[in-house]
Amino acid sequence: MPCTATDESPMIGGLIFDLDGVIVDTSEFHYQAWKRLAAELGIAFTRDDNEKLKGLSRLESLDTILSLANPYNHQTGVAAQSRKIELAKRKNSWYLEFVRNLAPDDILPGVENFLVECRQSGIKTAIASSSKNAKAVIDSLAISHLFDCIVDGTRVAKAKPNPQIFLIAVKKLNEKPGSCIILEDALAGVEAARLARIRCIGIAPEPALLPADLVIPGFLNFGIKELCSFDRLIRNPA
């Protein structure tokens, strides 16, 4: 049964999920592909550097990597837009090689059960990811039937923290921002949710890491019952 204010009318109309770090963890794939590209360019790229790319678009991520070695960029001219597009495509081809090996077992713990509960409760679900490969990832995980729509990086002109992608998802779900909740693991996504005026549940190991309305470590101990409790609390704070 959906979360309700009077146990008669639904109050949560839609849940909007980021993909990487929420549904599945492909951060290692991204890291390995970016590290390979950075090595070809003679740029040192660490896991700490990779953390700075969370929530950024492909070209924004590339710009961040190139900024690690400004002298190199100026000497070789790799900052030219056409060159950057070529480099981003190369990185993406390596990333897709990893994605093709994804399987349902790679879904993060508790996520599939939570999505099934949402379906049974009549709550609509959407993916809103800056990744242009979101559909390929969801197809590999065999869970496309658990989402009403997918909004990815091919549908938006501006990446998070711009709220555009979330507002498009709300519209596709035929809901209003106030009836939706976003599930995010990145600061840029949480900020985008705030700008869209949509409630946000952060996914992080510690609450202090994300300034969301609620922060949970994952979905193993979080289901519709807990979602409804959060919904009631945020609407009727003590």
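A: In this predicted model, the side chains of lysine 160 and glutamate 184 meet in a salt bridge, with 2.6 Å from N to O. The term denotes a side-chain nitrogen of Lys or Arg within 4 Å of a carboxyl oxygen of Asp or Glu. This pair links distant parts of the chain, 24 residues apart: lysine 160 is in the loop between strand E3 (149–151) and H8, and glutamate 184 is in strand E4. Helices (H or I, at least four residues) and strands (E, at least two) are DSSP runs, numbered from the N terminus.

Q: Are lysine 160 and glutamate 184 buried or exposed?

A: Buried means under 20% relative accessible area, exposed over 50%, and partly exposed in between (1.4 Å probe, protein chains only). Lysine 160 is buried at 3%, and glutamate 184 is buried at 1%.

Q: Which parts does the salt bridge of glutamate 40 and arginine 90 tie together?

A: Those two side chains meet at 2.5 Å, N to O. Glutamate 40 belongs to helix H1 (residues 27–40) and arginine 90 to helix H5 (residues 81–99), so the pair ties together parts 50 residues apart in sequence. Glutamate 40 is partly exposed at 45%, as is arginine 90 at 25%.

Q: Which residues are linked with them in a network of salt bridges?

A: The network links Glu40, Arg83, Glu86 and Arg90. The structure holds 13 salt bridges.

Q: Which conventions apply?

A: Residues are numbered from 1 along each chain as its sequence is written, and side-chain values use heavy atoms, leaving out hydrogens and water. Local features need pLDDT of at least 70 and side-chain atom pairs count only at pLDDT 80 or more, whereas totals for chains, interfaces and linings use all residues.
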